[in-house]
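I opened this notebook to record what I looked up in the structure, entry by entry.

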Amino acid sequence: MASEETEMRIRAILRRVARLEGEYAAGADLFRELGVRSVAALDLLLSMEEEFGLSIADAKFGEARSVSALVALVEGLR
Amino acid sequence: MSMPVAVVSARPIDAELAAEIEKQSAWISPTVTELRVDEDGRTVSFRVEGSDAEGARAKVARFVGDMVERHRVLPRKVVLRRELAGRTFATDAYGELLRRGWVVELGRGRVSLRGPALAVVHAIDEDAARIARRMGALEEAHPALVPASLLARCGYFGAFPHCASFVTHLAEDYDSIEEFRRRNTDSARLVQPAPEAVAPLDSCLLPAPCYPVFAAREGTVLPGALTITCAGRCSRFESRNLAGIERLWEFNVRELVFLGSEGVCAAGRVRAFEAVLGQLERWKLDGSIESANDPFFPAARAPRAYWQRSGDRKLELRLPVGPGPSGGEPRSLACASFNLHGRFFSTAFSITGAAGAPVSSGCVGWGLERWMLACFAQHGFDPAAWPSWLAERVFA
């Protein structure tokens with residue numbers, strides 16, 4: 001349940017910072033498959049830190065390239 | 001008449017960002033000088049020429065805000081360091097090159113080369129081209145003067161508007177050309193034409209040799225990976241940071257470009273990286289390879305610098321060019337860079353692989369004049385101190 005809510009919140013952030021609308025697979029690579037521009041990465045990271053009140057290591061964030069990976073990252077830090 | 005002014009940053013400024021802020025302050029205004037980040041890491045002090053101190057303070061505050069807001073501290077990684085024991089550095093290699101007449105300044109950021117200085121530039125270009133050929137690179141030549149739209153499509157004006165060098169000409173109007181001719185006849189300096197006598201900007205000098213490599217392949221499907229080399233003159237305006245050979249407006253670069261899968265580009269960069277280490281050995285040069293980011297315009301900086309730094313997408317070879325202050329770390333310059341672009345350029349120019357998806361790209365660039373300066377700074381001016389194979393070429 002918690003991860004579903006986390007996923008919804010991450011998708012909302014992606015809608016805002018990367019204009020990622022509509023349906024897309026949680027496992028799809030944000031940058032390579034979904035066309036998120038590289039300049040959106042920092043906004044995504046900062047927005048996630050603010051949204052979840054977490055400090056996210058840059059190396060871990062760099063490895064998390066899909067919604068499901070970002071959900072796992074956030075859940076792992078809680 | 002100038003007056004001291006200060007603004008206080010809303011966020012702390014680390015030492016590396018402070019150095020970038022001080023360098024980038026050249027773009028604020030000619031009336032804002034001597035900008036420094038104070039030791040408290042928050043106060044930015046500067047002097048204002050003229051009477052509009054409040055206007056200048058507001059502009060500096062916007063500039064500092066753009067630099068610090070969303071800035072993510074990512075420490076510079078030193079991937080490799082090569083230091084010869086007991087190395088001493090020429091204290092003013094550039095001054096000596098000028099005194100010997102091997103370098104002649106034609107204007108701020110523009111130099112003529114001759115004698116041993118030119119011979120070193122040729123030697124490094126040939127050495128880098130040889131590395132490229134060994135990696136199977138095909139040689140190409142591209143113009144230094146390109147359509148402005150080419151740079152626009154590379155995102156250049158969104159990331160580096162301050163560095164762009166535009167080329168224009170007088171508008172095709174007989175009377176205004178004659179007016180310009182008349183006013184400039186017998187004048188030893190350029191008498192500026194009226195703004196309306198100049199054609200709209202539509203051409204630029206290339207800031208990096210690789211852009212036309214992508215543009216010249218627009219809409220193509222690559223059957224396999226491709227490695228290309230080209231050399232060219234590059235122009236990047238750097239305002240009052242232009243200084244000697246260290247920071248030229250126009251300079252020469254030898255480039256190696258990879259096109260293919262992400263893995264092919266990453267592997268190509270590693271091979272180039274190893275080849276450059278071999279170069280340092282042959283040229284007997286100290287140097288270090290470090291993570292870096294490009295000097296993006298302040299308002300565009302944070303997300304782009306983060307992307308480059310967080311993924312080690314840009315690495316620089318820094319060569320010492322003089323002793324450090326008070327016997328500290330030697331002063332160094334970026335003399336080569338190793339870059340991964342992802343699919344940025346192939347998406348901009350619709351370059352795809354056989355499967356129909358945009359390919360990845362990467363490049364390695366050697367800055368020829370800076371490399372030459374590093375040679376004189378590290379080996380000095382006595383041919384006996386140079387590697388013998390190089391001394392034979394340079395001082396013949």
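How many helices and strands does chain B have? I looked this up first, bearing in mind that the model is a predicted one, and I noted 13 helices and 18 strands for chain B.

Entry on the dimensions of chain B. I found that the C-alpha trace of chain B spans about 60 × 55 × 50 Å along its principal axes. I then compared its radius of gyration with the globule rule: a compact globule of 396 residues would have a value near 21 Å, and the 23 Å of chain B agrees with that. I also looked up burial, and buried residues make up 50% of the 396 residues in chain B. Among the contacts in chain B with a separation of 6 or more, I noted that 74% come from residues 24 or more positions apart.

Entry on one glycine of chain B. I located B:G41 in the loop between strand 2 (32-37) and strand 3 (43-49) of chain B. Is B:G41 buried or exposed? I found a relative accessible area of 11% for B:G41, and since buried means under 20%, B:G41 counts as buried. I next asked which residues B:G41 touches once those up to four places away in sequence are not counted, and I listed B:R11, B:P12 and B:I13. For one of these, B:I13, I also looked up the spacing to B:G41: the two lie 28 residues apart along the chain, while their C-alpha atoms are separated by 4.9 Å.

Entry on chain A as a whole. I noted four helices and zero strands for chain A, with its elements running α-α-α-α from the N terminus on. The radius of gyration of chain A is 11 Å, close to the 12 Å that the globule rule gives for 78 residues, so I recorded chain A as being as compact as a globular protein of that length. The C-alpha trace of chain A spans about 30 × 25 × 20 Å along its principal axes. Of its 78 residues, I found that 42% count as buried, and residues 24 or more positions apart account for 54% of the contacts in chain A with a separation of 6 or more.

Entry on helix 1 and helix 2 of chain A. I looked up how helix 1 (residues 2-18) and helix 2 (residues 41-52) pack, and found an angle of about 140° with the axes 10 Å apart. The two helices of chain A are therefore oblique to each other, and helix 1 passes helix 2 in a right-handed crossing. On the side of helix 1 I noted A:T6, A:R9, A:I10, A:I13, A:L14, A:R16 and A:V17, which meet A:D43, A:L44, A:S47, A:M48, A:E51 and A:F52 of helix 2. By class, I recorded seven nonpolar, two polar and four charged residues in this contact.

Entry on helix 1 and helix 4 of chain A. At what angle do the axes of helix 1 and helix 4 (residues 67-77) cross? I found roughly 120°, with the axes coming within 9 Å. Helix 1 and helix 4 of chain A are therefore oblique to each other, and I noted a right-handed crossing for this pair. Helix 1 contributes A:A2, A:S3, A:T6, A:E7, A:I10, A:R11 and A:L14 to the contact, and helix 4 contributes A:V67, A:L70, A:V71, A:V74 and A:E75. I divided the residues of this contact into seven nonpolar, two polar and three charged.

Technical notes: Residues numbered from 1 in each chain as written. Chains lettered and ligands numbered in written order. Predicted model: local features only at pLDDT ≥ 70, side-chain atom pairs only at ≥ 80, totals over all residues. Heavy atoms only, no water. Axes fitted to C-alpha atoms, helices over the stretch in contact; angles between N-to-C directions. Parallel < 35°, antiparallel > 145°, perpendicular 65-115°, else oblique. Left-handed = near helix turned anticlockwise from the far one by under 90°. Contact = heavy atoms within 4.5 Å. Nonpolar A, V, L, I, M, F, W, Y, C, P; charged D, E, K, R; others polar. Rg over C-alpha atoms; globule rule 2.2 N^0.38 Å. Buried < 20%, exposed > 50% of the residue type's maximum accessible area, 1.4 Å probe, protein only.
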